[in-house]
Structures are given as C-alpha cells and as structure tokens.
Amino acid sequence: MTWSLGDIAVSGDTIVTPAGSMPLKGAIWTATDMSRTEEKIPAHAIVLAVVFFLFCLLGLLFLLMKERVTAGFVQVTVVSGGRHHSTMVPVQSREQVMFVLNQVNYARSLSA
C-alpha cells in the first residue's frame, strides 16, 4: 500500500522523498499547523443589510452572518536513517488540517 503526504510517499517499509529513501522503522514525524482561520462578514450579507435596512430595521440582522476562511500550510517533517526532509502541505479548511495531522499520526504508528 502506498500513500503520500505532500511530496513524502510511504511504501511498504520505506519512506520516499526527493532527498532520497529512508527506512520507515524508527522514523520521527512532526507536524506544525501554520494555517490561520479568519472570520468575516460576507459581501452578500452587507448588501442584504443595506437593502433591508431601507425597508425595515431588521436588515441589520444580516450583519450577524459570518463565514470562516482557513488558509495556510501544515509543515510535515520526517527524520530517519540520518536523513531529514520537510514539506509544506497546503490546506483550505480545518477539516484538511485535521486530515493531515491524522495522516502524520498514522505514520507515527507505522514507524513504532
């Protein structure tokens, strides 16, 4: 079974990176969440608030609408067999961040 995380591929008992192959057994995996999540009012909510404010005062309730936007990277580093490789995995949601972190945890369990 082969699976990959960024440009790091795990195949059987070997980790394949652009820096070369490394043994999976005894590998040390680290993951650093470098993403950020912002909360903002979407443009359509502002337009609805202005339009409905002119007709009734309830239009201001549209300003309570929020959307969360996640952007950034998760840095994954593996050290094994005297070699070191680091990669940046782009993420666009909190679910993708959790997916990458879960993959690193799975890789740790295989390395033990």
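The C-alpha trace spans about 70 × 20 × 20 Å along its principal axes.

This is a predicted model, in which local features need pLDDT of at least 70 and side-chain atom pairs count only at pLDDT 80 or more, while totals for chains, interfaces and linings use all residues. Residues are numbered from 1 along each chain as its sequence is written, and side-chain values use heavy atoms, with hydrogens and water left out.

Of the 112 residues, 29% are buried; buried means under 20% relative accessible area, exposed over 50%, and partly exposed in between (1.4 Å probe, protein chains only). Among contacts with a separation of 6 or more, 59% come from residues 24 or more positions apart, a contact being heavy atoms within 4.5 Å.

The structure holds three salt bridges, each defined as a side-chain nitrogen of Lys or Arg within 4 Å of a carboxyl oxygen of Asp or Glu. Side chains of opposite charge can pair when their charged atoms come close.

| Salt bridge | N to O distance |
|---|---|
| Arg94 and Asp33 | 3.4 Å |
| Glu38 and Arg36 | 3.4 Å |
| Glu39 and Arg68 | 3.2 Å |

The salt bridge between Arg94 and Asp33 links distant parts of the chain, joining helix H2 (residues 94–111) to strand E5 (residues 28–33) across 61 residues. Arg94 is partly exposed at 36% relative accessibility, and Asp33 is partly exposed at 33%.

Glu38, which pairs with Arg36, is partly exposed because its relative accessibility is 45%.

In the salt bridge of Glu39 with Arg68, Glu39 lies in strand E6 (residues 36–40) and Arg68 in strand E7, 29 residues apart. Glu39 is partly exposed at 49% relative accessibility, whereas Arg68 counts as exposed at 67%.

Leu64 is located in the loop between helix H1 (43–55) and strand E7 (67–80). With 63% relative accessibility, Leu64 counts as exposed. Its C-alpha atom is separated by 9.7 Å from that of Ile46, 18 residues away along the chain.

How values were computed: Helix = DSSP H or I, 4+ residues; strand = E, 2+ residues; numbered from the N terminus.
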